[in-house]
Amino acid sequence: MAEHVEPGDAREIAAALAARLDEPVGVFAAPGRVNLIGEHTDYNAGLCLPIALPHATYAAVRRRDDGVLSVASAQQDDRFEGLLAEVTPGSVEGWASYVAGVAWALREAGHVLPGMDLVVDGRVPLGSGLSSSAALICSSALAMCAAGGIDPDRPSLVAATMRAESEVAGAPTGGLDQTAALLGEAGHALLIDFRDHTTRTVPWQPDDAGLALLVVDTRASHSHADGGYGSRREECEAAARELGVPSLREATASDLDRLDERLRRRARHVVTEVQRVADTVAALGAGDWTRVGELFTASHASMRDDFEISCSELDLVVDTALAHGALGARMTGGGFGGSAIALVRMERADEVADRVAAAFAAHGWGAPGVLPAPASAGARQVR
Ligand code: ADP
Ligand code: MG
């Protein structure tokens, strides 16, 4: 049987966190996200289409007057304590670098912050391609802003949280995760255009059409995940250089013949994936869910064959879901493990999840997690 991963009750989680601090300023939540389509397009100035999950990370904060930043998480044994003024890239290791990185980036942006105690508790599975890292960073950012009495606009917060992850935590992500966590809206997907960082909400209510989005966490994580992300990014940059364009967003299908075999496949993924995002938005506007499903499945094939970022576990989720009636399915997130999504008829969702779990068991793999995924609210104060 598949294991269901529930988001928990926001009010209860927030109350429990607040009780761990005297006089907390507040409790802030930021969601994980699932990218519907548009993978590895953010750093290519392309398009992507994430939704915010109901699963979030919660951060409670109180001020302290000694300039110290203290950070603890219900998901980690170790805590971090250090002078806020001494946090710089490279000075904090491990999970706390995501949180300390936010303080550094806000100060770099010119904001004055007090010392703080921060406690966090997350419901986004860690390392599953659902962006627990951005949920941690963005909930911490809202908490720190409240403690400092500052209220930057959301685009500035996106910029600061991106710097936190890339420059202090050392994960050079492209901005999809933070944008989704900070700007996601319930009942909507977020169309992000990374050419100019503009966003537009797109209604996403599969349940109105009798459909459900199944998110399956394979719980697999392959060791080349970090290196693989970086090398794909470098290959995309190399392809753009060879074509003489600032980014692969400016490349066209007919340009691709000028590249050698490997770079051609990498670039073909990006060029066709950007088009699939646009086509998905058009299909959603037309209520054509069959087409949305086809685009999901085509996206998976592109990531499996051209971009080569899938793995056996992700392929098994996709193949099993399609064999049992899914309209479409694809891996989501950076790849080499993590999660896959399937668009299924609501009444068959449990059956598809059980079939996937049975297929995992038949391979001798551990049970996958299944997450409910109605498009949910972006980062916000919850208490
Ligand atoms: P993903 O963002 O897909 O979940 P990442 O590798 O980018 O995967 O981020 C996972 C890392 O983020 C964890 O290894 C941990 O360092 C940190 N993290 C995420 N959520 C929490 C949390 N609730 N408490 C502490 N650290 C967390
Ligand atoms: Mg992450």
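Predicted model: local features only at pLDDT ≥ 70, side-chain atom pairs only at ≥ 80, totals over all residues.

User: Ligand first. Which residues come nearest to ligand 1?

Analyst: There are 16 residues around ligand 1, and S73, G127, G129, S132 and S133 come nearest.

User: And what kind of space does ligand 1 take?

Analyst: Ligand 1 takes up the largest pocket.

User: Which helix gives the most to the shell around ligand 1?

Analyst: That's α3, residues 132–148, which supplies three residues.

User: How much of ligand 1 does the protein bury?

Analyst: Ligand 1 on its own exposes 560 Å², and the protein buries 79% of that.

User: Back to S133. Where does it sit, and is S133 buried or exposed?

Analyst: S133 is in helix α3. It counts as buried because its relative accessible area is 15%, and the cut-off for buried is under 20%.

User: What does S133 touch, leaving out residues up to four places away in sequence?

Analyst: With those left out, S133 touches Y98 and E165.

User: Switching topic: how many residues of α5 are buried?

Analyst: Seven of the eight residues in α5 (176–183) are buried, so by the under-20% cut-off the helix is mostly covered. The buried ones are L176, D177, Q178, T179, A180, A181 and L182.

User: What covers the buried residues of α5?

Analyst: The cover includes helices α3 and α4 (154–168), plus strands β2 (26–37), β3 (47–64), β7 (188–193) and β8 (198–203).

User: Last one, P7. Where does P7 lie?

Analyst: P7 is in the loop between β1 (3–4) and α1 (10–18).

User: Is P7 buried or exposed, and why?

Analyst: P7 is buried, because its relative accessible area is 15%, with the cut-off being under 20%.

User: Which residues is P7 in contact with, leaving aside neighbours within four places in sequence?

Analyst: Those are I13, P54, H55, R123 and P372.

User: And what separation is there between the C-alpha atoms of P7 and F80?

Analyst: Those C-alpha atoms are 26 Å apart, and the two residues are 73 residues apart along the chain.

Conventions:
Residues numbered from 1 in each chain as written. Chains lettered and ligands numbered in written order. Heavy atoms only, no water. Helix = DSSP H or I, 4+ residues; strand = E, 2+ residues; numbered from the N terminus. Buried < 20%, exposed > 50% of the residue type's maximum accessible area, 1.4 Å probe, protein only. Contact = heavy atoms within 4.5 Å. Near = heavy atom within 4 Å. Areas by Shrake-Rupley, 256 points an atom, 1.4 Å probe, with all protein chains shown as cover. 1 Å grid on protein atoms, 1.4 Å probe; cavity = no way out; pocket = protein on both sides within 12 Å on 5 of 7 lines; lining within 4 Å. Sits in = over half its atoms within 2 Å of the grid points.
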